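Here are some notes to read with the structure open beside you. Take the points in order and find each element as it is named.

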Amino acid sequence: MGGLIWIISAVVTGCLSIYCWTDLRAVNPKWARLLLIAGAGAAAGIGLTSCIFFLAGPLLKIPAAAPVLELAILAWAGYQSLRLRSQPEPSPQARSHLSLLLIAGLVVIVGVGIAAFSTAWDLNPQGNWDAWAIWNLRARFLASGSELAARAWSPALGASTHAEYPLLLSSFVARCWYLSQSSSSAVPAATAFVFFLSLIAVVTGGVTVLRGPALGLLAGLALAATPSLLREVPAQYADVPLACYMAAALILVLIDRPLLAGIFAAFAAWTKDEGVLFLVVFLAAIAIVRRNALRTAVAGALPVLLLNAGFKLFLARGNSSLLSASLPGAVHRIFDPSRFATVLSAFGREFVHMSIGWYHPILPLIVLAVALGPDWNKHRREIFLCAAVFLGLLLGDFGVYLVTSNDLAWQLQTSLNRILLQLWPLLVLVVLLCLRTTVEFAAAPSPAAPRARKATKKKR
Amino acid sequence: MRYPARITAGLLIAALLCVWGAFQSYAFESEYQRQNPDPFQISAAFRRLDPVRAAVPDRADMGYLTDVEPGSGMETAMFLAAQYVLAPRLLERNLEHAWILGNFTRPADFAALGKSKSLSLERDFGAGVVLFRREK
């Protein structure tokens, strides 16, 4: 129970910080703003407190300083929030029956998800293999609060523990265990659940701001009902947190918050090595599409990026990474057509296997595309930014499979489903950004209007 | 806000598909979890190895001895589960440290086995868990 209180404290610190020190509180409508602040705040709170604990504990050897600093931030953010609260709020807009139905659907799906998770939490409380062999194992070292914490990146752990992996998730779990003086399995399980809720909240709130309430809620519905997402949350791996940080970074840059977007992109890099690829692709896409936001995004990313670089270059340098181990013979493997075919077919097969029974998470997106129709002219830059990041990551991940020196079949079998899960929220974003918004149809005087508009376009 | 029937129908069908998918996932995942409770026996590893945690100091580096075929999936799972339970103690697959964890699947004469490798039996905790000390 003590560990859960420290999770709540991190979430509250993050939410209050986002509320009072960013201009997300200017976003409308109000419920989308609340979702964005809650979702981004929870993920930011976990990232921030994880970094503070890592710096104070394993690095500076004064772990007791971490809660003091956190409580100072919490108190300051709480005070600022109280002052801001007295400012007048614009009157809330009336919600349509359709929105209320979609909200009900989202509540049902999240409820169903919780029911599925609770079965897993009861029967498999330690999560799946990587949870106890990598992420939570390293958290147990970090939670020792002494020089033993350095064992979390010791080469003596062996290749299967991947001591070179970044430490956001492990460090956060360790923080809660250290501060509660327990190592309850409820902490990593609850952390995974918070990231699930954050992902849904950020995507729902973000798409609502970008494309209106109907598409926002449907984005949340489509995501929350994704079978592989519901499977991976109780697994307690770092893929759901990574997906959350990547989706949040993309949404934040789309709603013109490049500083926060940079911070979230750096959190992604500090969560998993795939996040480093995301950070590079993300900044490159911003440099092309939103050049004026690049400097701010880099400034946001820099502190956590330096932490990650310091960890990789100085602390974990005795461990070889997947890429460095794959360099010998990489050229030969890249140009091996049989590997290309194997990876390509595995991507296709794994995408099909994202289904459960007759349900595939692409189905609701296809239905929406048919019902609303495409519109990629009005928001071309936003669509290009999202699509560039998605395709860049897809190509990058594809390339990693081509060059890996590990057994290819094993590598694909044990990781590709999670790679697709990381990319899935970005694909949902790309698809929904390409569609016409429901607001355009509501403004039309009759159902014939869209067809008439199309005819006008053709004439032009 | 009112939408044309085609749009309303499309949005509702998409939403219903999502709800259906969530229920499908729930049914599948719940059944899967019931059929595979704790597949790597991590909770059991905590029960088996708890006495070792009490007997060996936190900062110890420990060696590891087992009767399971090296490099097999079962050996990897047993070793990593033991490492997880015993952390922050560091476990290595060798016999070079003062403390050696014996993690066995079958009963045997552990004292004789240890002696053949210059190890003395410190304690036999049962369930295949044995603590050895390296003989000086």
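This is a predicted model: local features need pLDDT of at least 70, side-chain atom pairs count only at pLDDT 80 or more; totals for chains, interfaces and linings use all residues.

1. In chain A, start with helix α1 (residues 2-21) and helix α2 (residues 30-59), whose axes come within 6 Å and cross at roughly 120°. The crossing of α1(A) past α2(A) is right-handed. Residues making this contact include Ala10(A), Gly14(A) and Ile18(A) from α1(A), and Ala38(A), Gly41(A) and Gly45(A) from α2(A). The contact of α1(A) with α2(A) holds 12 nonpolar and 6 polar residues, with no charged ones.

2. Next, look at where the chains meet: 52 residues of chain A are in contact with 44 residues of chain B. On the chain B side, α1 (5-35), α2 (42-55) and α3 (73-86) each supply at least two residues. The largest share is that of α1(B), with 24 residues. Sorted by class, this side of chain B has 26 nonpolar, 10 polar and 8 charged residues.

3. Chain B also has an open sheet of 5 strands with mixed pairing, in the order β2-β1-β3-β5-β4. Its edges are β2 (90-91) and β4 (119-126) of chain B, each of which pairs on one side only.

4. Within that chain, β3 (residues 99-103) and β5 (residues 129-134) of chain B are antiparallel and share 5 bridges. Leu101(B) is found opposite Leu131(B) of β5(B). Helix α2(B) packs on the sheet, where β3, β4 and β5 of chain B are touched, and its direction makes about 30° with that of β5(B).

5. Finally, α3(B) lies across β1 (61-66), β2 and β3 of chain B, and runs at about 150° to β1(B).

Technical notes
Residues are numbered from 1 along each chain as its sequence is written. Chains are lettered from A and ligands numbered from 1 in the order in which they are written. Axes are lines fitted to C-alpha atoms, for helices over the stretch in contact, and angles run from 0 to 180 degrees between N-to-C directions. Helices (H or I, at least four residues) and strands (E, at least two) are DSSP runs, numbered from the N terminus. A crossing is left-handed if the near helix is turned anticlockwise from the far one by less than a right angle, and right-handed if clockwise. Two residues are in contact if their C-beta atoms, placed from the backbone, lie within 7 Å. Ala, Val, Leu, Ile, Met, Phe, Trp, Tyr, Cys and Pro count as nonpolar, Asp, Glu, Lys and Arg as charged, and the others, Gly among them, as polar. Two strands pair if DSSP finds at least two bridges between them.
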